[in-house]
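Student: Could we take a close look at just one part of this model, the place where the two chains meet?

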Protein chains: 2
Amino acid sequence: MTKSDDPSSLRAEPERRTPLDRAQVVRAAIELIDEHGAHALSMRRLGRRLNVEAMSLYKHVDSRDTLLDGVIAAIIDELFDDPETHLRETDSWSDYLVRVAHGVRRNALAHPNVFPLVATRPPEAPWIRPPLRSLPWVESFLLSLRTHGFDADAAVYTYRAFTSFLLGHLLLEVAALGADTGPIASPESTHPSGLRLDDYPNVQELRPKLTENAAAEEFDESLDNLLNRLQDVRTHGLL
Amino acid sequence: MTKSDDPSSLRAEPERRTPLDRAQVVRAAIELIDEHGAHALSMRRLGRRLNVEAMSLYKHVDSRDTLLDGVIAAIIDELFDDPETHLRETDSWSDYLVRVAHGVRRNALAHPNVFPLVATRPPEAPWIRPPLRSLPWVESFLLSLRTHGFDADAAVYTYRAFTSFLLGHLLLEVAALGADTGPIASPESTHPSGLRLDDYPNVQELRPKLTENAAAEEFDESLDNLLNRLQDVRTHGLL
DNA sequence: TCAGCTAGCTTACGTCGTAAGCCTTGATCA
DNA sequence: TGATCAAGGCTTACGACGTAAGCTAGCTGA
């Protein structure tokens with residue numbers, strides 16, 4: 001009506017032939033968050049991106065909140081579908097954990113604006129811990145450990161220690177990456193780092209080192225240390 | 001006008017004699033978040049709680065976002081003002097780190113709805129890492145370590161490892177505590193844990209253990225392990 | 001006394017999530 | 001073929017939100 005029937009465009013835009021579905025909505029939401037951060041995901045904006053009115057999205061999604069849950073589910077399903085993140089015949093338990101850890105890290109770095117959601121939105125049950133926050137994941141993880149000699153206590157302990165490790169390291173790595181883990185994003189880096197450091201001599205002196213990015217090495221080293229600890233737990237039990 | 005001049009209350013509510021100030025606004029915001037979660041902090045609601053119109057808050061605060069930054073600053077200042085979290089004459093470096101860790105944990109558990117903000121809002125600079133996310137904190141932390149024999153590299157390394165450790169453990173502990181780290185809070189725990197576990201035998205079997213809360217012990221043990229690792233770094237350097 | 005400032009209030013705008021209901025189109029079936 | 005119907009769009013509308021702009025009452029100090 002307004003200006004859409006520009007005669008020069010017989011079928012200018014894709015002119016949706018096939019109807020939208022939930023998967024497309026979720027995918028578009030992920031793209032939008034990847035590009036502009038979670039605060040930019042509004043139903044109207046998402047509709048615009050899909051050439052659809054905001055209200056039409058509700059044919060495919062119950063609410064914005066469940067859409068966000070869908071985004072998270074999609075991301076961790078993507079991770080779950082990565083064969084690298086599953087136990088192999090030839091694996092030792094530590095090979096397995098290393099591959100899972102690296103898979104999660106890849107996943108987090110691929111979607112730095114989504115990861116804070118994965119980290120902080122309430123999980124389905126309080127004992128399901130981000131970032132391994134789906135039942136399939138918990139099941140797969142526990143099973144893999146138990147088939148490699150972890151008893152019940154050690155497996156659960158490992159689940160908790162491993163998720164804590166992942167969350168701490170990756171949330172900070174992703175945040176340092178400039179992800180707008182919070183509301184506002186880029187434009188207010190008013191001065192590239194116009195902090196008054198005069199009263200903080202140690203910070204001032206160490207700032208070059210503080211800004212160095214050694215995330216990958218530190219992740220691996222900390223992981224290695226965790227694995228050593230878990231080996232004790234596995235063979236000697238808790239305490 | 002509406003119903004506020006109930007004659008039975010000559011001065012029913014405090015009837016503000018002294019004007020509001022920024023500190024009171026921040027304090028009220030913290031209370032509101034503590035009670036109802038961050039999603040419940042709107043300028044209008046906050047105004048209501050302070051018997052003031054929403055717009056009046058802008059006399060004391062630049063925007064909702066800077067108010068949130070103020071909330072975070074207040075929380076970590078509270079932590080900084082706790083003498084338990086600072087180096088003592090009699091301390092070894094590990095005594096110090098243990099007390100800081102426990103201080104942060106106390107702080108997080110005292111404000112479980114605020115901690116996710118502390119964890120995920122963008123810090124002033126990318127190398128300032130939650131939850132020790134103020135310049136005074138970084139300075140104090142680095143100085144304390146260096147006065148105990150950490151060289152520059154080891155001190156910075158420790159800052160990073162320590163913050164990762166705190167963030168991972170405490171964010172998950174606070175989340176399990178039922179904090180609404182995300183938008184919605186309590187009412188939709190429709191069924192106390194109505195998850196279909198039929199297809200997840202390991203989860204099903206281990207669920208009692210998964211729901212056990214051993215956060216305190218695990219925090220301490222993981223901390224102890226971290227300290228051992230740091231001891232190596234302190235005495236032998238990195239790598 | 002009176003100018004000026006402070007800390008409130010009022011109004012208004014644009015955006016948000018979403019409830020309710022309408023319209024078009026293509027498939028189903030008599 | 002024509003009637004029926006559901007799916008998947010669209011329109012309108014409501015209340016809450018953040019906040020820009022401007023108003024005003026009452027205190028301060030000259």
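Student: Through which surface do the copies meet, and why?

Tutor: Let's start with the ground rules. This is a predicted model, so local features need pLDDT of at least 70, side-chain atom pairs count only at pLDDT 80 or more, and totals for chains, interfaces and linings use all residues. Residues are numbered from 1 along each chain as its sequence is written, while chains are lettered from A and ligands numbered from 1 in the order in which they are written.

Now your question: the copies meet through the same surface, because 100% of the interface residues of chain B are also interface residues in chain A. In all, 52 residues of chain B touch 52 residues of chain A; contact means that C-beta atoms, placed from the backbone, lie within 7 Å.

Which parts of chain B do the touching? Helix 5 (115-120), helix 6 (135-146), helix 7 (152-176), helix 8 (201-211) and helix 9 (215-236) of chain B each give two or more residues; helices here are DSSP runs (H or I, at least four residues), numbered from the N terminus. Helix 7 of chain B brings the largest share, 16 residues. By type, this side of chain B has 27 nonpolar, 13 polar and 12 charged residues (Ala, Val, Leu, Ile, Met, Phe, Trp, Tyr, Cys and Pro are nonpolar, Asp, Glu, Lys and Arg charged, the others, Gly among them, polar).

Key:
Contact = placed C-beta atoms within 7 Å.
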